[in-house]
Amino acid sequence: MEIKAERTSIIESNANNQAIRNAAVQFFNATVDAKYSYCFDWLERPIIQYPQDIVAFQELVSRLKSDLILETGIAHGGSLVLSASLLCLLDVMEGLDPRQSPRKVVGVDIDIRPHNLKALDEHPLRFKMELIEGSSIDPDIIKQVRSHADGVKRVLVSLDSNHTHEHVLAELNAYADLASVGSYCIVFDTVIEDLPAGGFPDRPWDVGNNPKTAVHEWLKSHPEFEIDKDIDNKLLISVAPDGYLRRIKR
Ligand SMILES: C[S@@+](CC[C@H](N)C(=O)[O-])C[C@H]1O[C@@H](n2cnc3c(N)ncnc32)[C@H](O)[C@@H]1O
């Protein structure tokens with residue numbers, strides 16, 4: 001069987017395999033307190049992600065041939081460097097000079113710490129990044145971010161900042177419409193809804209108040225987006241179940 005057809009049937013079978021699903025939940029629950037997501041770098045910058053989501057992101061950017069990636073939540077810059085590196089590779093694969101091509105990633109963070117800014121400023125892929133400091137839901141910041149998408153054909157949006165219901169809902173309202181038809185708005189940390197309650201005592205989010213509750217509320221009035229369950233079924237371990245939102249129409 002051809003690999004891609006075979007893969008479709010493997011993913012379907014795994015999605016219905018309760019033993020794998022239970023193992024994935026057990027693995028995920030055990031890794032939260034262990035701070036597993038803090039263990040990885042992308043091209044020498046710490047990236048606060050699970051490897052499965054990093055691979056899914058790579059597959060999306062590569063398939064969608066994104067021209068612009070908009071990200072909320074920079075932290076140490078790993079996800080920004082990931083985006084920048086993938087955009088450079090797309091350029092190279094299309095015979096373009098990454099330094100001349102307009103492809104870029106725009107990142108917003110309310111607090112870009114000086115040591116992270118320095119590291120990003122010194123990073124070889126800095127030329128692909130635009131950094132904006134401020135709250136992602138501040139009207140002036142929204143205006144600045146949105147201006148980067150003017151006239152851009154293929155836009156991918158990634159939301160990974162403050163994980164409260166209210167904040168994510170406001171980010172979805174501010175940015176999701178920038179995702180082009182066929183592209184995605186990815187909402188990270190939806191998994192909080194599926195974890196045991198009280199797991200983040202020093203954070204304002206919890207079961208009932210998190211990115212997944214925001215996604216479900218927002219989708220009720222946004223039929224132009226749908227959850228890509230195929231990605232969830234494939235990853236099984238992910239911080240973003242129900243968070244890969246595909247834009248299916250204008
Ligand atoms: C989970 S980290 C981002 C991780 C990053 N995307 C990565 O993969 O490495 C969340 C970031 O969101 C930022 N943040 C919190 N509230 C924010 C807000 N209102 N607007 C923009 N960024 C915010 C924090 O400062 C923090 O750096």
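Q: Before we start, what counts as a strand here?
A: A strand is a DSSP run of E at least two residues long, and strands are numbered from the N terminus. Keep in mind that this is a predicted model.

Q: Okay. Where does R247 sit, then?
A: R247 is in strand β9, which covers residues 244-247.

Q: Is R247 buried or exposed?
A: R247 is buried, because its relative accessible area is 5% and the cut-off for buried is under 20%.

Q: How far is R247 from D177?
A: Their C-alpha atoms are separated by 8.6 Å. Along the chain, R247 and D177 are 70 residues apart.

Q: What does the side chain of S79 do at the ligand?
A: An N or O atom in the S79 side chain is 2.9 Å from a nitrogen atom of the ligand.

Q: And S135, what's the distance there?
A: That one is 3.1 Å, again between a ligand nitrogen and an N or O atom in the side chain of S135.

Q: How much of the ligand does the protein bury?
A: The protein buries 84% of the 610 Å² that the ligand exposes when taken alone.

Q: New topic, T213. Where is T213 found?
A: T213 is in helix α8, residues 211-220.

Q: Why is T213 called buried?
A: Because its relative accessible area is 17%, and buried means under 20%.

Q: Which side chain does T213 contact?
A: The side chain of H165. The two side chains are joined by a polar contact of 2.7 Å.

Q: What about L169, which helix is that?
A: L169 is in helix α7, residues 165-175. L169 is buried too, with a relative accessible area of 16%.

Q: How far apart are L169 and S147?
A: They are 21 Å apart in space, C-alpha to C-alpha. In sequence, L169 and S147 are 22 residues apart.

Q: Now loops. Where is K35?
A: K35 lies in the loop between α2 (18-33) and β1 (40-42).

Q: Is K35 buried or exposed?
A: K35 is exposed, because its relative accessible area is 52% and exposed means over 50%.

Q: And E44, which loop?
A: E44 is in the loop between β1 and β2 (45-47). Its phi is near 75 degrees, a positive value in a residue other than glycine. E44 is exposed, with a relative accessible area of 70%.

Q: Where does H76 fall?
A: H76 falls in the loop between β3 (68-72) and α4 (78-93). H76 is partly exposed, at a relative accessible area of 29%.

Q: How far is H76 from D202?
A: H76 and D202 are 20 Å apart, C-alpha to C-alpha. In sequence, H76 and D202 are 126 residues apart.

Q: Last one, E94. Where is E94?
A: E94 is in the loop between α4 and β4 (104-109). With a relative accessible area of 38%, E94 is partly exposed.

How values were computed. Residues are numbered from 1 along each chain as its sequence is written. This is a predicted model: local features need pLDDT of at least 70, side-chain atom pairs count only at pLDDT 80 or more; totals for chains, interfaces and linings use all residues. Side-chain values use heavy atoms; hydrogens and water are left out. A polar contact is a pair of N or O atoms within 3.5 Å; within protein, one must be able to donate a hydrogen and the other to accept it, and residues adjacent in sequence count only if both atoms are side-chain atoms. Accessible areas come from the Shrake-Rupley method with a 1.4 Å probe; for residues, only the protein chains shown count as cover. Helices (H or I, at least four residues) and strands (E, at least two) are DSSP runs, numbered from the N terminus. Buried means under 20% relative accessible area, exposed over 50%, partly exposed in between (1.4 Å probe, protein chains only).
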